[in-house]
Amino acid sequence: MTTTLISAADLAARLDQPDVRVFDVRHDLTNHAAGRQAYDAGHIPGARYLDHETELAAARTGKNGRHPLPARADFGALMAAHGVTPRTLVVAYDASGGMYAAHLWWMLRWLGHDQVAVLDGGWQAWTAAGLPVSLEAAPAVQPGAPVEPAAALVGTVDARTVQDNIAQPSFTVIDARAANRYRGEVEPMDPVAGHIPGALNRPNGENLQPDGRFKSAEQLRAEFTGLLAGRDPAAIVHQCGSGITACHNLLSMEIAGLSGSRLYPGSWSEWCSDPSRPVAKGA
């Protein structure tokens, strides 16, 4: 079963089922304490908090980006510690239009776990529906055996592959950052402004409706098909600032039925850490 989105109503109906695990991944890139503070102030009953800086990223070296992927075995052990098994439906939510939830969705598919969904509309949709809110931490569970990495359902590329592709293109990079960051007009997070030469731009916010829910599958398909301009989805590599919001585009393409794209996890924060790598600016 491959899953993408779940509504607040559908999640509420399944909260008490033992084969469901809900993860709160609310986060703020400029205030790393904000996510945990938000969780402590109120969360979906039974939800477990995961920190994007300390639990969903490996150690930073200054050359591997701001959110390097953990080892798959370490991530599998983390999931097992929260009671996730191959039969578990994992639901992720945030308060940022799904950008952090989509990253956890992608990471679980990278682990080989396909029963994972993003709460459509996130925390805002849950509270707007008047659904229950808890202040209690999730109960401890008896950890199972580490979730052994299975065959990944999604692929990755590294910086060398992206750099080699500039001279001899075999895939197209899509940058999920805001248009002014892509053009190199501003850069609030990383020391160098600009984009990877040849990359297209699809700001991840364009995947959402005004209410914060994802656009319909039909609309997303039309928009991404226009951007791809005949390119095979399997010949697309997604990137952003540090590998997080790129997953929002990956999820959106999956919703649209355009499967097969890969992720450059290091993204711009890794790319620009090496001054020998080329940088483009402008539209």
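Guide: Gladly, and please keep in mind throughout that this is a predicted model.

Visitor: What makes the contact between the side chains of K215 and E223 a polar contact?

Guide: The side chain of K215 meets the side chain of E223 at 3.0 Å, and since a polar contact is a pair of N or O atoms within 3.5 Å, that distance falls inside the cut-off. A polar atom of the K215 side chain also lies 2.6 Å from the backbone oxygen of E206.

Visitor: Why is K215 called buried?

Guide: The relative accessible area of K215 is 15%, and buried means under 20%, so K215 is buried. K215 is found in the loop between β8 (200-201) and α8 (217-228), and, leaving aside residues up to four places away in sequence, K215 touches E206, N207, L208, Q209, L220 and E223.

Visitor: Which residues have the most contacts inside the largest nonpolar core, and which element gives the most to this core?

Guide: That core has 46 residues, and those with the most contacts inside it are L50, L56, F75, M79, L104, W106 and L108. The elements that give two or more residues to this core include α3 (72-81), β4 (89-93) and α4 (99-111), and α4 gives the most, with 11 residues.

Visitor: What does L108 touch, beyond residues up to four places away in sequence?

Guide: With that exclusion, L108 touches F75, M79, V90, H113 and V116.

Key: Residues are numbered from 1 along each chain as its sequence is written. This is a predicted model: local features need pLDDT of at least 70, side-chain atom pairs count only at pLDDT 80 or more; totals for chains, interfaces and linings use all residues. Side-chain values use heavy atoms; hydrogens and water are left out. Helices (H or I, at least four residues) and strands (E, at least two) are DSSP runs, numbered from the N terminus. Buried means under 20% relative accessible area, exposed over 50%, partly exposed in between (1.4 Å probe, protein chains only). A polar contact is a pair of N or O atoms within 3.5 Å; within protein, one must be able to donate a hydrogen and the other to accept it, and residues adjacent in sequence count only if both atoms are side-chain atoms. Contact means heavy atoms within 4.5 Å. A nonpolar core is a set of buried Ala, Val, Leu, Ile, Met, Phe, Trp, Tyr and Cys residues joined through side-chain atoms within 4.5 Å.
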